Amino acid sequence: MKLAGLRVVDLSVFLPGPYLTLALADHGAEVIKIEPPDGDPGRKIGLADGPTTVFFRSLNRGKKSVVLNLKEARDRELLLELCATADVFVESFRPGVVDRLGVGYEAVARRNPSIVYCSINAFGNHGPYRDRPAHDLAVEALTGLLSMTLGDDGRPALPGIPMADIAAALQGLSGVLMALLKRQQTGRGDYVEIAMFDSLFAATPNIIGPVFAENRQPDPKAQRTTGGSAFYRLYDTRDGRQIALAGQETKFVEKVLGALGRADLVELCTRGPGPHQQPVVDCLKAFFASRSRQEALDWLARLDVCFAPVNTLLEATADPNVAARSLLLRDDAGRKHLAPAIRFAEEPANPVLREPLLGEHTDDVLAELEAEAGEW
């Protein structure tokens with residue numbers, strides 16, 4: 001696998017850091033998860049279908065668990081010794097915590113100048129919110145993302161997935177890999193600072209046009225991807241389900257409206273998003289409301305346009321594309337796992353479909369560390 005031989009020390013909890021190191025583990029890195037005596041809080045989040053919760057195992061499969069109490073000087077020293085043998089270090093404390101513990105970047109880099117040290121937190125190491133505790137929802141609120149995701153009542157809607165967490169994890173993964181690539185040339189590591197706020201704010205290029213061009217808040221109901229386009233929105237069907245139209249190119253508009261005998265409405269769509277498209281919305285609403293979801297899907301499938309059923313999460317796991325692309329894996333106990341999304345033609349991922357028990361690898365890893373110290 002691509003990352004075989006890479007050692008990662010993972011001091012992160014909850015979601016962003018573990019999601020980053022999950023990708024490293026799935027592609028062959030040795031990820032040593034450092035947990036406090038009571039474990040990563042993720043071990044207690046959500047439902048369990050085995051020795052741990054689905055939340056925890058989905059983020060921590062294939063890793064080793066080492067328990068260290070970083071309030072103890074001896075355990076802090078053991079962590080520094082472990083970092084001296086590592087390529088990557090990931091932590092997700094609030095700014096200043098790792099420095100107070102004696103395992104901040106400067107302390108670790110003194111032991112190992114080639115290490116790539118990645119810090120992930122909500123607001124970064126400077127700024128007015130530096131010391132504020134926050135999870136995903138607060139970051140989505142502050143960055144303006146919630147103001148662009150409105151329900152039918154016009155109020156911001158709770159997001160279905162924690163996009164600030166995921167965006168930060170993926171930016172962190174990119175940063176770590178960039179630093180490792182540069183290290184091949186220089187032999188030196190680097191400090192990678194990732195803020196959830198920065199990561200999510202940087203993810204707004206498709207909606208920030210009115211802010212930059214006209215210094216105004218975008219109206220979500222008039223933007224091309226948040227409700228202002230008849231061909232980029234949801235429609236109810238006769239049986240109480242929904243379908244999504246998701247392609248605004250003129251060729252798709254012409255196919256659908258032509259099939260409905262309403263080519264006269266095409267011009268409204270070619271003028272861009274906005275309230276002027278309401279007659280098109282009304283036409284499509286009436287059409288889909290008179291048909292079941294399956295009848296609507298069958299009709300759309302004949303037109304070669306962009307559309308989809310609005311599946312439940314359960315229905316999505318049974319989607320034929322999920323099976324065709326092997327997106328669900330099963331372990332020896334029959335539990336389902338999400339497959340890695342990064343695919344290589346050579347050296348593909350080979351995830352270990354088993355999460356570590358708390359402290360399962362403490363003795364082995366510390367014994368190996370002691371043996372290495374003896375060799376020095």
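This report describes the fold and selected residues of a predicted model.

## Basis of the model

Residues are numbered from 1 along each chain as its sequence is written, and side-chain values use heavy atoms, with hydrogens and water left out. Because the model is predicted, local features need pLDDT of at least 70 and side-chain atom pairs count only at pLDDT 80 or more, while totals for chains, interfaces and linings use all residues.

## Overall make-up

The protein chain contains 16 helices and eleven strands. Helices (H or I, at least four residues) and strands (E, at least two) are DSSP runs, numbered from the N terminus. Along the principal axes, the C-alpha atoms of the protein chain fill a box of roughly 80 × 50 × 40 Å.

Of the 376 residues in the protein chain, 43% are buried. Buried means under 20% relative accessible area, exposed means over 50%, and partly exposed lies in between (1.4 Å probe, protein chains only). Contact means heavy atoms within 4.5 Å. Among contacts between residues at least 6 apart in sequence, 66% join residues at least 24 apart.

## The six-stranded sheet

An open sheet is formed by six strands in the order β3-β2-β1-β4-β5-β6, with parallel pairing. Two strands pair if DSSP finds at least two bridges between them. The edges are taken by β3 (64–67) and β6 (190–195); each has a single partner strand, so one side of each is left without a neighbour in the sheet. From one strand to the next, the twist averages 20°. Axes are lines fitted to C-alpha atoms, for helices over the stretch in contact, and angles run from 0 to 180 degrees between N-to-C directions.

Strand β5 (residues 116–121) runs parallel to β6 and is joined to β6 by six bridges. Within this pair, S119 has E193 of β6 as its bridge partner.

## Strand β1

Strand β1 is mostly covered, with five of its five residues buried. R7, V9 and L11 point one way from β1, whereas V8 and D10 point the other way, and all are buried.

On one pairing, four bridges join β1 to β2, and these strands run parallel. The bridge partner of V9 in β2 is I32. Between the two strands the chain passes through helix α1 (residues 16–26), and this β-α-β crossover is right-handed. A crossover is right-handed if, with the strands pointing away from the viewer, the path from the first strand over the helix to the second runs clockwise. β1 also pairs with β4 in the parallel sense, over four bridges. In β4, V9 has F89 as its bridge partner.

D40 lies in the loop between β2 and α2 (54–60). With a relative accessible area of 1%, D40 is buried. A polar atom of the D40 side chain lies 3.4 Å from the backbone nitrogen of F14. A polar contact is a pair of N or O atoms within 3.5 Å; within protein, one must be able to donate a hydrogen and the other to accept it, and residues adjacent in sequence count only if both atoms are side-chain atoms. Not counting residues up to four places away in sequence, D40 touches S12, V13, F14, P18, K33, E35, F56 and N60.

T53 is also placed in the loop between β2 and α2, and T53 is buried, with a relative accessible area of 5%. Polar atoms of its side chain lie 3.0 Å from the backbone oxygen of G42 and 3.1 Å from the backbone nitrogen of F56. Leaving aside neighbours within four places in sequence, T53 is in contact with G42, R43, K44, I45, G46, L47 and A48.

## Cysteines

A search of the whole structure finds zero disulfides, a disulfide being a pair of cysteine sulfur atoms within 2.5 Å. For C269, the closest cysteine sulfur is in C283 at 9.7 Å, which is too far for a bond. C283 is accordingly in no disulfide. Both cysteines are buried, C269 with a relative accessible area of 13% and C283 with 16%.
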